[in-house]
Amino acid sequence: MKIRPLHDRVVVKRWEEERTSPGGIVIPDSAKEKPIKGEVVAVGLGKPLDNGDVRAPSVKVGDKVLFGKYAGNEVKIDGTEYLMLREDDIMGVFVA
């Protein structure tokens, strides 16, 4: 996939959630919630500011991030589903 999001947009691939509960019950796809964690696969050049400068993004490709449940727009590229959202929609970055 070759895509470069514009401005302060970020493309994220959602992590797959567990298919079984802690008690061992298999959760069907219709009952699962969408994951709120994922990995950044592409980042825009940054947010344009009012004075003409561009603020560099604070996330980079490969970062593991946490985002809102209903944030962004889902897009399908080459048969794979991605989430395109603004950098402001990212709530945190997982650190090792």
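A salt bridge is counted here when a side-chain nitrogen of Lys or Arg lies within 4 Å of a carboxyl oxygen of Asp or Glu. By that criterion, a search of the whole structure, which is a predicted model, finds seven salt bridges. Side chains of opposite charge can pair when their charged atoms come close.

One of the seven joins the side chains of Arg14 and Glu74, with 3.5 Å from N to O. Arg14 belongs to strand β1 (residues 9-14) and Glu74 to strand β6 (residues 73-77), so this pair ties together parts 60 residues apart in sequence. Glu74 is partly exposed, at a relative accessible area of 43%.

Val65 and Phe67 make up its covered face, while Lys64 and Leu66 make up the uncovered one. β5 runs antiparallel to strand β2 (residues 37-43), joined by three bridges, and Lys64 is the bridge partner of Glu39. The side chains of Lys64 and Glu39 also meet in a salt bridge of 3.8 Å, N to O. Because Lys64 lies in β5 and Glu39 in β2, the contact ties together parts 25 residues apart in sequence. Lys64 is partly exposed at 32% relative accessibility, and Glu39 is partly exposed at 30%. β5 also pairs with strand β8 (residues 90-93), again antiparallel and over three bridges; here Val65 stands opposite Val93.

Arg55 is in strand β4 (residues 54-55) and Asp88 in the loop between β7 (80-86) and β8, 33 residues apart. Arg55 is partly exposed, with 37% relative accessibility. Arg55 and Asp88 also belong to a network of salt bridges with Lys47 and Glu87.

Notes:
Residues are numbered from 1 along each chain as its sequence is written. This is a predicted model: local features need pLDDT of at least 70, side-chain atom pairs count only at pLDDT 80 or more; totals for chains, interfaces and linings use all residues. Side-chain values use heavy atoms; hydrogens and water are left out. Buried means under 20% relative accessible area, exposed over 50%, partly exposed in between (1.4 Å probe, protein chains only). Helices (H or I, at least four residues) and strands (E, at least two) are DSSP runs, numbered from the N terminus. Two strands pair if DSSP finds at least two bridges between them.
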